[in-house]
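Dear colleague,

I am passing on the structure we spoke about, so please open it alongside this message. My notes on what was found follow below it.

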Amino acid sequence: MQQAHRAGTLKQSNKAHKSRHRSKRGISAAVKGKVNVKEFVRRNRHILKKDERRHQSLQLRKNKREEVLNKKRALGGGRNPPFLVCVVPLNAQLDVNSALVILKTCSEGAIINESKNGILHIALANFKQRFSFICPEVGNDFSLLDAMKISDTVLFVCSALDEPVDEWGEKALALSMAQGMPTPVVVTMDIEGVHPKKRTSEKQNVQKLISKWLPEEKVMQLDKESDGLNVLRRIGNQKRNIIHHREKRPYMLAEEYEFTPNPEGEEGVLKISGYLRGMPLNVNGLLHITGLGDFQMLRIDGHDDPYPISSVKENVKSNGMDAEVTKVTVLQEADPQKQQPLICENIPDPMEAEQTWPTDEEIKDANIETKKKVKKVPKGWSDYQAAWIVESEDENEDDENISDEDDDNEDDQFMSCEEDDSEVEENGQDNDFESVADSEAVPNDERYDATIDAMEEHEMLQKLAAAKEDQQFPDEVDTPQDVPARERFMRYRGLESFRTSPWDTKENLPTDYARIFQFENYDRTRRRVFKELEESLVNMHGFYITIHVKMRSDLWTVFHEANKNAPLAVFGLLPHEHKMSVMNVVLKRTGASDEPIKSKERLIFQVGYRRFIVNPIFSQHTNGSKHKYERFFQPASTCVATFFAPIQFSPSTVLCFKEKKNTQLQLVASGVLLSCNPDRLVIKRIVLSGHPFKVHTKSAVIRFMFFNRDDVIYFKPCKLRTKYGRTGHIKEPLGTHGHMKCVFDGQLKSQDTVLLNLYKRMFPKWTYENCIVTDKPTAGDAMVE
């Protein structure tokens, strides 16, 4: 009997025949109704020929060339705003007026004008270009930053006779590079005063020194009239550096301003005149004056150009016809129904149940009779000492950075040192020191001690010790023996995996989160706002305009008295940029300071055009939905700072300053704006450690992690790990002193340490303050509107 053929386990596919011809039935059987997407697209795709490809490349090259020329022609021409040049000396002793004198006299046909605020205007008819020069105050960091925010070119001036770059010059270069440097030009003066044989080497030394900060810039000489003409030509023809945070917004330097108080009310009208730059300005939007705040506009007027290239206006003025030529045109007038309000915070309705967190009064009413029952204090403690235990577990202490035990240990160590020193002094047992009479004391020591703050030295010592301990033993906390661990760490939770375990972003939010605004999609809103701004119909770029701003009289009086010589920078706000939200910025430490910065420390931030004072919390800059909280911003590291601040659309540069005890500001970090996202999870981790007592094959008895049986049962579901890479879990408690039997994936070593990770979410505090600029800017000069 013949057996039927059975297919084997291996599927055999015979090689197809190499014939190019296939019948229609064979083709339909192969594809079985399927449509090849590539072939379908390829039928509609036109393959360019050689001439067509050449023509396409020529068109692309032509469009790019026209785009570059349009950008160059957008500045300095007769119908465009002049080149705004910020003149910065690299030596504090150098007088920049001598450089301006050379620039004034470099051309015979130059038209020289000067505004009321000291802004120098030079118009060259042969170049068909005009320039404006502004000189910020030397030694004032904020004045320098405000001037460079709106400048097209920064002119660094140094001298060959003195030190080319001193401490102020290095600081000016660091600030300009951190904020976003405009197009740089470096000139050196006094080369003619050097011996002719040493001029070349002296100029090379300056070039070598400048190349450390600006390696691509060539140092120019500025001693003669021809040198001044070369510098102006270089400024007018140089490629422009793009500063993104200002290119997307309208901005202006105040050439003239005048405040008119209202005799019937507190508010007055501030008139600001100048050349509008950047994007179009909407009168119904809001206006930000750097160092002053956000305000509403009433009207925008247009004027004839007061500083033209040609001298036609000069002849008209000489004939006494200035009053007839000057025209004022109302370009825009505010509509009260369309005008954006100055409301920056959301007013939550408690009846809508936006937050599940109870109010302070509800907590107080609920805990009136339970506080006395829950209180557990050691024997011999007074009522005052017992009160501290209750407050340490209160709702308001949810955001402590370092555990109470660490602070107590550091304080105990410091107090023990002071007691030992006092005992040595009282008993006179220390033979290494001698008592010196008052007449023998050196007066220089007293003068030196007068300049040192002992309290500051002690605080710095404690901070350095805590930062070093956190770096060596990250997040490790000693389990308290007088308070049960389940009560001390009640707000913490265990996670199976820090990366993949879920965490609800809307869970247990503080009441401050009801006052902020949040985007459904930050990036999508940002793109839409920029697109609407570019498609705006009214474009006043290059117009000489006057903006009428509503402002309080007392606020302007305080600001104007302290900033008479400082430049006044004005920025138009985009929609939503006045509302409060949670801002996240990426920071990188500068090499100027090795001091660790503690989370929730008072710092001065400059984000784009805005400057303010906050107490940020720090977290790691990592991918994923959760980000680990950092107790200290260590030197030479990068992290993300989170704080409450007005919304701002990226890209924007960020500068972080810290105020010293001598009222000087120090740039400690710089970075960029990451996002305005309140849902960013900043998770604080603490690590409880235990030590093996008895080790078996895969189980071990662990002690010193807990000190009572109930704590072991409470934390039993949490996962354990060791410093040598073992993982495990708690099986059962042993005895009543906190010993526990644990099972691991392998045998422990006797020197290993068992760790238990606990987590809780951290929120920033509402500490936002507007930083009002004064003559010598300090953090104490902040004023809240």
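Three bridges join strand S8 (residues 250-253) to strand S10 (residues 267-278), and these two strands run antiparallel. Please keep in mind throughout that this is a predicted model.

Turning to the helices, the axes of H5 (residues 141-149) and H6 (residues 167-179) come within 10 Å and cross at roughly 45°, which makes H5 oblique to H6. The crossing of H5 past H6 is right-handed. On the H5 side the contact is made by Asp141, Leu144, Leu145, Met148 and Lys149, and on the H6 side the residues include Trp168, Leu175 and Gln179.

Finally, there is the nonpolar interior. In soluble globular proteins, nonpolar side chains tend to be buried together. The largest nonpolar core here has 41 residues, and Phe156, Ile210 and Phe657 touch the most other members. Leaving aside neighbours within four places in sequence, Phe657 is in contact with several residues, among them Phe142, Leu145, Leu175 and Val668. Apart from that core lies another, of 39 residues, including Leu509, Leu533, Ile597 and Tyr768.

With best wishes

Note on methods. Residues are numbered from 1 along each chain as its sequence is written. This is a predicted model: local features need pLDDT of at least 70, side-chain atom pairs count only at pLDDT 80 or more; totals for chains, interfaces and linings use all residues. Side-chain values use heavy atoms; hydrogens and water are left out. A nonpolar core is a set of buried Ala, Val, Leu, Ile, Met, Phe, Trp, Tyr and Cys residues joined through side-chain atoms within 4.5 Å. Buried means under 20% relative accessible area, exposed over 50%, partly exposed in between (1.4 Å probe, protein chains only). Contact means heavy atoms within 4.5 Å. Helices (H or I, at least four residues) and strands (E, at least two) are DSSP runs, numbered from the N terminus. Two strands pair if DSSP finds at least two bridges between them. Axes are lines fitted to C-alpha atoms, for helices over the stretch in contact, and angles run from 0 to 180 degrees between N-to-C directions. Angles under 35 degrees count as roughly parallel, over 145 as roughly antiparallel, 65 to 115 as roughly perpendicular and the rest as oblique. A crossing is left-handed if the near helix is turned anticlockwise from the far one by less than a right angle, and right-handed if clockwise.
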